[in-house]
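My notes are below the display.

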Amino acid sequence: MGKLIIADDNRSLTIGLQRFFRKKGYDVSIAFDGEELLSLCKDNHVEVVVLDLRMPRMNGLAALEKIKEHSPKVRAIVITGFGDSEALAEATRLGVRDFLTKPFGLDEIEKSVLRAMNQEELSL
């Protein structure tokens, strides 16, 4: 399985998702704000980022824009409880692969991550 980063300021959600994906065989790192996410992406070869739109220190879209500057092939999935049309349009412009509204099921996020991990293979 590939390298995955989960970024959300909800610690219980983030840690729970980390445990879930580790049991599935993923190499998972977590971040609790946009700055941490950006730092993790600079230091690792990341395939997929699962991120919340609203996080402290740097929101998810600002972090994703900076990540894409140095790692344009990173695939992103947005998880959010707040999905306004302007933010969703910006996320689409940045190449976000999927949008999940909280609360979501573990099977739903697992399918989304699997699709994102396999996306590059499908496009060849």
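These entries cover one aspartate and then several salt bridges.

Entry 1. I noted that the model is predicted. I started with D33, which sits in the loop between strand 2 (27-31) and helix 2 (34-43). I looked up its accessibility: D33 is buried, because its relative accessible area of 9% falls under the 20% cut-off. Its side chain reaches the backbone nitrogen of E35 at 3.0 Å. A polar atom of the D33 side chain also lies 2.8 Å from the backbone nitrogen of E36. Setting aside neighbours within four places in sequence, I found D33 in contact with M55, P56 and R57.

Entry 2. I then checked R57, whose side chain meets that of D33 in a salt bridge, 3.0 Å from N to O. The two are 24 residues apart, with R57 in the loop between strand 3 (48-52) and helix 3 (60-70). R57 is exposed at 59% relative accessible area, whereas D33 is buried.

Entry 3. I looked up the total and got nine salt bridges. One of them joins E110 to K24, with the closest N and O atoms 3.5 Å apart. This pair links helix 5 (residues 106-123) to the loop between helix 1 (11-23) and strand 2, across 86 residues. E110 is buried at 19%, and K24 is partly exposed at 39%.

Entry 4. I turned to R75, which forms a salt bridge with E47 at 3.5 Å between the closest N and O atoms. R75 is in strand 4 (residues 75-80) and E47 is in the loop between helix 2 and strand 3, so the pair ties together parts 28 residues apart in sequence. R75 is buried at 4% relative accessible area, while E47 is partly exposed at 24%.

Conventions: Residues numbered from 1 in each chain as written. Predicted model: local features only at pLDDT ≥ 70, side-chain atom pairs only at ≥ 80, totals over all residues. Heavy atoms only, no water. Helix = DSSP H or I, 4+ residues; strand = E, 2+ residues; numbered from the N terminus. Buried < 20%, exposed > 50% of the residue type's maximum accessible area, 1.4 Å probe, protein only. Polar contact = N/O pair within 3.5 Å; in protein donor to acceptor, adjacent residues only side chain to side chain. Contact = heavy atoms within 4.5 Å. Salt bridge = Lys/Arg side-chain N within 4 Å of Asp/Glu carboxyl O.
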